[in-house]
Amino acid sequence: MKVLVINCGSSSLKYQLIDSDSEGVLAKGLCERIGIDGGMITYQPEGKEKIKKQVDMPDHTEAVKLVIDSLIDKENGVIASLDEIGAVGHRIVHGGEKFASATVINDEVIKAIEECNDLAPLHNPANLIGIRSCQAIMPGVPMVAVFDTAFHQTMPEKAYLYGIPYEYYQKYKVRRYGFHGTSHSYVSKRCAAVAGKDIKDMKIIVCHLGNGASVSAVAGGKCVDTSMGLTPLEGLIMGTRSGDLDPAILQFIANKYNKSIDEVMNILNKESGVFGLSEGLSSDFRDLEDSKNRGEDKGRRAMEAFAYRVAKYVGAYIAAMNGVDGICFTAGVGENSPIVRNLVCDHLGFMGVSIDQDANNQRGKEIVISEKSSRVKVMVIPTNEELAIARETYALVK
Ligand code: ADP
């Protein structure tokens with residue numbers, strides 16, 4: 001079956017067409033600036049160059065139409081007609097407590113996703129637009145919602161509750177949810193496969209370090225804790241997000257700069273993290289590494305603070321699981337930055353972790369980077385959220 005995977009943002013739409021038999025990507029691409037002047041669609045069929053076209057897309061339905069046109073195009077298309085698309089898998093950011101697994105989309109499911117809008121006001125409404133646009137263009141094609149939060153629903157109460165009046169949880173479901181679940185699930189399964197063990201017998205820590213970053217503790221294949229919370233702002237220092245901080249800082253900065261809570265929240269989401277720590281140099285670790293290599297403080301301090309926070313979470317999750325067998329690095333930074341991996345693993349020598357530097361210097365491929373003698377296996381596992389979404393979609397509709 002050919003599965004179209006859709007990841008819809010407020011002004012963008014990422015897509016991949018995946019063959020569920022071969023698990024190969026037939027085509028992939030991105031629609032940008034939907035509803036804004038200067039729209040752009042990128043389309044890349046398997047084994048060919050990227051094709052970029054400037055075209056205005058007044059709404060997401062128009063974007064989906066253009067994606068389908070590209071997929072069935074006579075010259076560069078990869079399918080003969082729309083009928084070849086057997087299912088659509090949608091990445092949905094927040095499933096609240098309602099969804100502990102992927103689910104086939106119907107009116108009731110759409111309503112339940114809508115009810116989670118409050119918890120992810122920037123993401124869920126956009127995800128819903130993606131669903132509706134696909135339904136308009138592909139009526140009758142089964143669609144599946146795959147939630148970023150679902151994998152973390154196995155967290156025990158003691159891990160997901162905040163130390164605030166319990167009433168807020170009862171009334172408004174204020175609790176920790178966690179995100180990047182599709183990635184944490186995929187990578188922890190690969191970790192067990194690489195280790196040649198049954199995941200049920202393993203304690204795994206996954207460090208998903210991208211622009212957004214989170215760590216999770218996976219015991220026996222189930223998530224028992226993760227670093228993101230009610231929203232993706234909690235936890236690690238990220239590209240532009242602050243991660244954990246003393247909530248009193250909100251009031252302090254609001255008073256000092258005469259700003260509203262919304263304005264300070266915007267700073268914590270968009271102007272903080274390694275971007276803020278590097279005095280606005282960059283949120284991209286390639287730039288930070290260059291800066292550090294030039295001997296500048298900006299890049300050095302941002303990278304050190306970032307890696308230290310990761311190491312602290314790894315330590316916390318070893319305690320949470322009372323042990324660890326495998327530690328995995330994934331996503332843009334985790335897959336590509338030997339320096340960050342070294343900075344994190346420097347803190348783990350106490351439990352017998354030692355890194356094979358030749359292995360660690362390889363980039364972007366699945367590899368064990370700990371030495372043979374290391375008691376805990378440390379690995380780089382490239383994540384593949386689209387494939388994981390395609391698999392879940394196929395499993396539900398086949
Ligand atoms: P997201 O999906 O959250 O946007 P990614 O997982 O794609 O993020 O990660 C993007 C980040 O990965 C970039 O901002 C950059 O910091 C980092 N990155 C990508 N390639 C490299 C590299 N070669 N070396 C170091 N960091 C890299």
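Me: Is K2 buried, exposed or partly exposed?

Reply: This is a predicted model, in which local features need pLDDT of at least 70 and side-chain atom pairs count only at pLDDT 80 or more, while totals for chains, interfaces and linings use all residues. Residues are numbered from 1 along each chain as its sequence is written, and side-chain values use heavy atoms, with hydrogens and water left out. Buried means under 20% relative accessible area, exposed over 50%, and partly exposed in between (1.4 Å probe, protein chains only). K2 has a relative accessible area of 22%, so K2 is partly exposed.

Me: With which residue does the side chain of K2 meet in a salt bridge?

Reply: Side chains of opposite charge can pair when their charged atoms come close. A salt bridge is a side-chain nitrogen of Lys or Arg within 4 Å of a carboxyl oxygen of Asp or Glu. The partner of K2 is E84, at 3.3 Å from N to O. K2 lies in strand β1 (residues 2-8) and E84 in the loop between α1 (60-71) and β6 (85-92), so the pair ties together parts that are 82 residues apart in sequence. Helices (H or I, at least four residues) and strands (E, at least two) are DSSP runs, numbered from the N terminus.

Me: How many salt bridges are there by this rule?

Reply: The count comes to 18. One of them joins E97 and R175, whose closest N and O atoms are 2.9 Å apart. E97 is partly exposed at 28% relative accessibility, whereas R175 is buried at 1%.

Me: Where is G29 placed, and which residues is G29 in contact with beyond its neighbours within four places in sequence?

Reply: Contact means heavy atoms within 4.5 Å. G29 is placed in strand β3 (residues 25-32) and, leaving aside neighbours within four places in sequence, is in contact with L13, K14, Y15, T42 and Y43. The relative accessible area of G29 is 17%, so G29 is buried.
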